[in-house]
Amino acid sequence: LRRALRYGDGLFATLRIDAGQLLDAERHAGRLLSGAAGIGLDPPPGWLDINQIVERLLEAAVHLGARPGSAGVLRCQWSATDVGRGFGRSGDSLALVELSEAPASRHLRVRVLDSDEVPRPSIPYIKTCSALPHVIAAGHAARLAVDEVIRVYDDWLAEGVAANLFFERGGRLLTPDDELPLYAGVIRQRVIEEACDLDIEVLEGRWTARELSECDGAFMTGSVRGVEPILNLDGRSLQSTSLIDALSSAVAEVRRKEATSLPGDTR
């Protein structure tokens, strides 16, 4: 795994375990495969397709201590193997899986950063191990004593530390376009799908901080926390709206419906 340490030569996925079920496993498996193809990395042996990946993740979760009914966060990293000094890479890769506790719920406080205050990710559409922009963004959040910050590039809203942004205005749902330097996550896609099922209009585009400040409500999305309403935006108190509540419930329901139970769960 020294390649990931030296050069960020690898990628990862982060999955939520809730009530003994692994959420969005097939979608994350697909992201791992497409991301590996995007950086020219061969999947590790035994992780060659979606079914194998899900099976390996379940085995790893149980081996690391996850049990039926438990909650947690499973992080899976694929890294190129080491071939000594230099940027040359062998064709082999390794998998590393880690289990951590599920995070506590938050009264989500968010600040919008100034434009280009955080460097752009080098490959924003893949979750590579080169995550320094996310680290810098998290540092800004800590300095500002908030839970999340919104990164801005060329005056266009992009994403949070590790979450996508949605906001409601006039009954429509707006989100930064995935052609901007951001990672369009699994839950972002689920929100768009469920919004279409609920006949909620979704606009993917380029939005400014001023447009966000005029929102009726806003929320962040991520695989660990799901749909998380923003309750304080740049010092302004916000409330979760009926649209956001409906979307949050719909996304949570479909995630549970499509979840994969840990071995030993008899449901």
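Predicted model: local features only at pLDDT ≥ 70, side-chain atom pairs only at ≥ 80, totals over all residues.

Colleague: Okay, where is His-28 placed?

Modeller: His-28 sits in helix α2, the element that covers residues 25-38.

Colleague: And is His-28 buried or exposed?

Modeller: His-28 has a relative accessibility of 4%, and because buried means under 20% relative accessible area, His-28 counts as buried.

Colleague: Which residues does His-28 touch, leaving out those up to four places away in sequence?

Modeller: With those set aside, His-28 touches Ala-13, Thr-14, Leu-15, Leu-23, Val-186 and Ser-223.

Colleague: Changing topic, how many salt bridges does the count come to?

Modeller: The count comes to 20 salt bridges. As background, side chains of opposite charge can pair when their charged atoms come close.

Colleague: Pick one for me: what is the distance between the closest N and O atoms of Arg-190 and Asp-24?

Modeller: In the salt bridge between Arg-190 and Asp-24, the closest N and O atoms are 2.8 Å apart. Arg-190 belongs to helix α5 (residues 186-197), while Asp-24 is in the loop between β2 (21-22) and α2, so this pair ties together parts that are 166 residues apart in sequence.

Colleague: Are those two buried or exposed?

Modeller: Both Arg-190 and Asp-24 are buried, and for Arg-190 the relative accessibility is 2%.

Colleague: What about Glu-258 and Arg-190, how do their side chains meet?

Modeller: The side chains of Glu-258 and Arg-190 meet in a salt bridge, at 2.9 Å from N to O. Glu-258 lies in the loop between α7 (242-257) and β16 (260-261), and Arg-190 lies in helix α5, so the pair ties together parts that are 68 residues apart in sequence. Salt bridges that share partners join Asp-24, Arg-190, Arg-255 and Glu-258 into one network.

Colleague: How accessible is Glu-258?

Modeller: Glu-258 is partly exposed, with a relative accessible area of 44%, whereas Arg-190 counts as buried.

Colleague: Last one, where do Glu-59 and Arg-56 lie?

Modeller: Both lie in helix α3 (residues 50-63), where Glu-59 and Arg-56 are 3 residues apart, about one turn of the helix. Their side chains meet in a salt bridge of 3.0 Å, N to O, and Glu-59 is partly exposed, with a relative accessible area of 41%.

Notes. Residues numbered from 1 in each chain as written. Heavy atoms only, no water. Helix = DSSP H or I, 4+ residues; strand = E, 2+ residues; numbered from the N terminus. Buried < 20%, exposed > 50% of the residue type's maximum accessible area, 1.4 Å probe, protein only. Contact = heavy atoms within 4.5 Å. Salt bridge = Lys/Arg side-chain N within 4 Å of Asp/Glu carboxyl O.
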